[in-house]
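This report goes through a protein model, from a loop residue to the fold, the charged pairs and the aromatic rings. The sequence and structure come first.

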Amino acid sequence: VSYRYMTMDMEGLLKGSDDVTADSQTGTMMMPGDYMMVPTEMTMDMHMFGAMHAISDQWTLMCMLNYLDNEMTMINRMDVTSKMETSGISDLKLAGLYDLARWEDGRRAHLSLGLSAPTGSIDEKSGGNTVGYGMQLGSGTWDFHPAITYLGQTENYSYGAQLGGILRIGENDQDYTLGNKFEAALWGARKITDSLSASAKFDYSSQSEIEGSDTRLKMRREMMGGTMDSPTFDPNSQGRDITTFGLGLNYYFQNGGLSGHRLAAEWETPIDQK
């Protein structure tokens, strides 16, 4: 069983790989821009609860459920700021891990096949208005999560790589489908003591744009004469490519009441994004 807490801070605006200012996107009352308002920063706190159970030497079952707490700050073309908040459980993920191969030198490979159920809400509102796609708690669809992982371990070092993704199944009840996602990771760790190790990793993620559009956001846009409220409401502004670098510490308790438990911390920052 595991509990993980993650906090993520985002700020600024990117158009492609270029930084853009809020003013360049909202314009002014005299010279309106593409959007009435834009986000300037967002925080997401995630509580992740997981459990795994080995039913054989080759098969392990896994489940994970997250609780999200989101807050986004917006600014409009009159330079007035506002905040939106959402919180609640996200989509429930169930998966099976299958050992594909094990070698005597400590290397192994396994396949993960997962399915997430649409338990997270896509009907979240703030101030009586439906929030944008990134502030919703779930996808609204059943999603397939395949991944393949390669691991290696020596006396002082461990390393690994993973390729995976998320494939959306069908369309949710608001007539849209979140973009499919491709993910790749490469990591390595070195033992400092018998209990303590340090790690470094590179992650890459590419998410496609949304197919369709939320019927409520589409109706709101039509009522406003075609003006888009914000890029957070724009299905064509939800795609993202990002490469990150992370550093971590991992402590494994070998004695006392916490023997067999693990405590880890990791810091991660983007090095390239679009």
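## A loop with acidic residues

Asp 175 lies in the loop between β12 and β13. Helices (H or I, at least four residues) and strands (E, at least two) are DSSP runs, numbered from the N terminus. This is a predicted model, in which local features need pLDDT of at least 70 and side-chain atom pairs count only at pLDDT 80 or more, while totals for chains, interfaces and linings use all residues. Residues are numbered from 1 along each chain as its sequence is written, and side-chain values use heavy atoms, with hydrogens and water left out.

Asp 175 has a positive phi, near 70°, and is a residue other than glycine. Most residues other than glycine have a negative phi. With a relative accessible area of 38%, Asp 175 is partly exposed. Buried means under 20% relative accessible area, exposed over 50%, and partly exposed in between (1.4 Å probe, protein chains only). Accessible areas come from the Shrake-Rupley method with a 1.4 Å probe, and for residues only the protein chains shown count as cover.

Asp 173 sits in the loop between β12 (157–169) and β13 (176–177). Asp 173 is exposed, at a relative accessible area of 61%. Together, Glu 171, Asp 173, Asp 175 and Glu 211 make up a negative surface patch. Patches are made of residues with over 30% relative accessible area and no salt bridge; like charges are joined within 9 Å, and nonpolar side chains (Val, Leu, Ile, Met, Phe, Trp, Tyr) within 5 Å. Lys and Arg count as positive and Asp and Glu as negative, while His and the chain ends are not counted. The place of a charge is taken as NZ of Lys, CZ of Arg, CG of Asp or CD of Glu.

## Overall form

The secondary structure comes to 2 helices and 18 strands. Taken along the principal axes, the C-alpha atoms fill a box of roughly 70 × 35 × 35 Å. The protein has 274 residues, of which 36% count as buried.

## A positive phi at Asp 79

Asp 79 is found in the loop between β5 and β6 (81–89). Its phi is positive, about 65°, although Asp 79 is not a glycine. Asp 79 counts as exposed, at 53% relative accessibility.

## Salt bridges

How many salt bridges does the count come to? There are 11, where a salt bridge is a side-chain nitrogen of Lys or Arg within 4 Å of a carboxyl oxygen of Asp or Glu. One of them joins Glu 71 and Lys 83, whose closest N and O atoms are 3.4 Å apart. Because Glu 71 lies in strand β5 and Lys 83 in strand β6, this pair ties together parts that are 12 residues apart in sequence. Glu 71 is partly exposed at 26% relative accessibility, whereas Lys 83 is exposed at 54%.

Arg 168 and Asp 143 form another salt bridge, with the closest N and O atoms 2.8 Å apart. The pair links distant parts of the chain, with Arg 168 in strand β12 and Asp 143 in strand β11 (residues 142–153), 25 residues apart. Arg 168 is buried at 16% relative accessibility, and Asp 143 is buried at 2%.

A further salt bridge is made by the side chains of Lys 201 and Glu 266 (3.2 Å, N to O). Lys 201 is in strand β15 (residues 196–207) and Glu 266 in strand β18 (residues 262–273), distant parts of the chain 65 residues apart. Lys 201 is buried, with a relative accessible area of 17%, and Glu 266 is partly exposed at 48%. A network of salt bridges links Lys 201, Asp 203, Glu 266 and Glu 268.

## Aromatic rings

The structure holds 8 aromatic pairs. Rings of Phe, Tyr and Trp (its six-membered ring) pair if their centres lie within 6.5 Å; planes under 30 degrees apart count as stacked, over 60 as edge-to-face and the rest as tilted. The rings of Trp 59 and Tyr 98 form a tilted pair, because their planes are at 50°, with centres 5.0 Å apart. Trp 59 is in strand β5 (residues 59–76) and Tyr 98 in strand β7 (residues 92–102), so that distant parts of the chain, 39 residues apart, are linked. Trp 59 is partly exposed at 35%, and Tyr 98 is partly exposed at 26% relative accessibility.

Tyr 251 and Phe 253 have ring centres 4.9 Å apart and planes at 75°, so this pair is edge-to-face. Tyr 251 is partly exposed at 34% relative accessibility, as is Phe 253 at 23%. Trp 103, Tyr 150 and Tyr 159 form one aromatic cluster.
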